[in-house]
Amino acid sequence: MMDNPLLLRNLHTFTIAANSLSFTQAGHQLHITQGAVSHRIKVLEKELGFSLFVRGTRKLELTPEGERFNKTLIKSLNAIYSDINDINSTEMTGELSIAVSPNFANGWLFPRLSDFKQRYPGFNLCLQIHDQQRDLVANNTDVAFYYGTGHLNDVYCQPLLEESYVPVCTPEYAKNMRMYEDGNEALRKVNFLRVNGSRAWENWLNHMGIDINSHQQTYTVSSPGMEITAARYSSGIAMGRYLAVKPMIESGELVTPYAGMKTNQKYCVLCSLGSESRPKIKTFLSWVNSQLS
């Protein structure tokens, strides 16, 4: 077996080379030659018993084994760095990286962040606003809010809130379309606002037993949340997640002329499995729980 210091050195060299996919760039970063980088990788591959890179004439790529090993190594190194930060931190201070969707950020998280700041002024928050759930380790994310079924691998997952779909439009649009007077029949003449690829309207109409083709008169947007923006300008009626549109309903900007429909998904808070016990993440999760009451 290789000496531990040499193994750690070569593992570090591998992470640098895997990130840049260039032995030359890795050499510049480590202040060694390209040949030295190549030698370290060869020694590491011999020790591991499998190849880490496919060495092309113009392009360097990770092998499937190298890809998997790199992900494992990144996860382990992040855990080590996090432990070092926790050991060195005697107070509730530091940075928290939080991934959250625009809808959940606007409808739930942002209205509560002033409370978090008052309770934990030593924390700096880095908010990653994404529509889709992303890999926590690869994106250096401490905590993420996720909308889905809650069945995920290698993560600590705590269900937070159930969700419902509700049709929303402006009071003016509801009045012009005579939604309250004509009920479901008014839906035959409205403009349906939808997100590309979403079946929310179809599911709602089927759930309500309404036989209407929502594609006959429709505007489609590519980004979730923009259909709500269109509804706010009386461009039609949108299917909104209740949590996201609740502030606009409460202010009177939007109304809900029709009943909502519960979904089979919910909002969850996530972190890498095992990190939920680390002081800064445990603090944030406890705060989230306090807000649910």
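**View 1. Aromatic pairs across the whole structure, starting with Phe-14 and Phe-53.** A search of the whole structure turns up 20 aromatic pairs; here rings of Phe, Tyr and Trp (its six-membered ring) pair if their centres lie within 6.5 Å, with planes under 30 degrees apart counted as stacked, over 60 as edge-to-face and the rest as tilted. One of these is the edge-to-face pair of Phe-14 and Phe-53, at 5.7 Å centre to centre and with 65° between the planes. Phe-14 belongs to helix α1 (residues 4-20) and Phe-53 to strand β1 (residues 53-55), so this pair ties together parts that are 39 residues apart in sequence. Helices (H or I, at least four residues) and strands (E, at least two) are DSSP runs, numbered from the N terminus. Phe-14 is buried, at a relative accessible area of 0%, and Phe-53 is buried too, at 3%; buried means under 20% relative accessible area, exposed over 50%, and partly exposed in between (1.4 Å probe, protein chains only).

A word on the model: it is predicted, so local features need pLDDT of at least 70 and side-chain atom pairs count only at pLDDT 80 or more, while totals for chains, interfaces and linings use all residues. Residues are numbered from 1 along each chain as its sequence is written, and side-chain values use heavy atoms, leaving out hydrogens and water.

View 2. Distant parts of the chain are linked here: Phe-145 sits in strand β5 (residues 143-148) and Phe-284 in helix α12 (residues 279-292), 139 residues apart. Phe-145 is buried at 6% relative accessibility, and Phe-284 is buried at 0%. Both rings join a cluster linked by ring pairs, whose members include Phe-104, Trp-108, Tyr-147 and Trp-287. Have a look at Tyr-147 as well: the charged end of Arg-241 sits over its ring, 3.7 Å from the centre (NZ of Lys or CZ of Arg within 6 Å of the ring centre and within 35 degrees of the ring normal).

**View 3. The eight-stranded sheet.** Eight strands form an open sheet with mixed pairing, in the order β4-β3-β5-β10-β6-β9-β7-β8; two strands pair if DSSP finds at least two bridges between them. At the edges are β4 (123-129) and β8 (218-221), each pairing on one side only. From one strand to the next, the twist averages 25°. Strands β6 (residues 155-168) and β9 (residues 237-241) pair in the antiparallel sense over four bridges, and Val-168 stands opposite Ala-238 in β9.

**View 4. Helix α11 against the sheet.** Helix α11 (residues 242-251) lies across β6, β9 and β10, running at about 50° to β6 (axes are lines fitted to C-alpha atoms, for helices over the stretch in contact, and angles run from 0 to 180 degrees between N-to-C directions). Leu-243, Ala-244, Val-245 and Met-248 of α11 are buried. Among the elements covering the buried residues of α11 are α5 (102-109) and α10 (226-232); contact means heavy atoms within 4.5 Å. After α11 comes Gly-252, with a positive phi near 90°.

**View 5. Cysteines without disulfides.** The structure holds zero disulfides, a disulfide being a pair of cysteine sulfur atoms within 2.5 Å. For Cys-126, the closest cysteine sulfur is that of Cys-271, 17 Å away and too far for a bond. Cys-268 is in no disulfide either, its nearest cysteine sulfur being that of Cys-157 at 3.8 Å. Cys-126 is partly exposed at 33% relative accessibility, whereas Cys-268 is buried at 1%.
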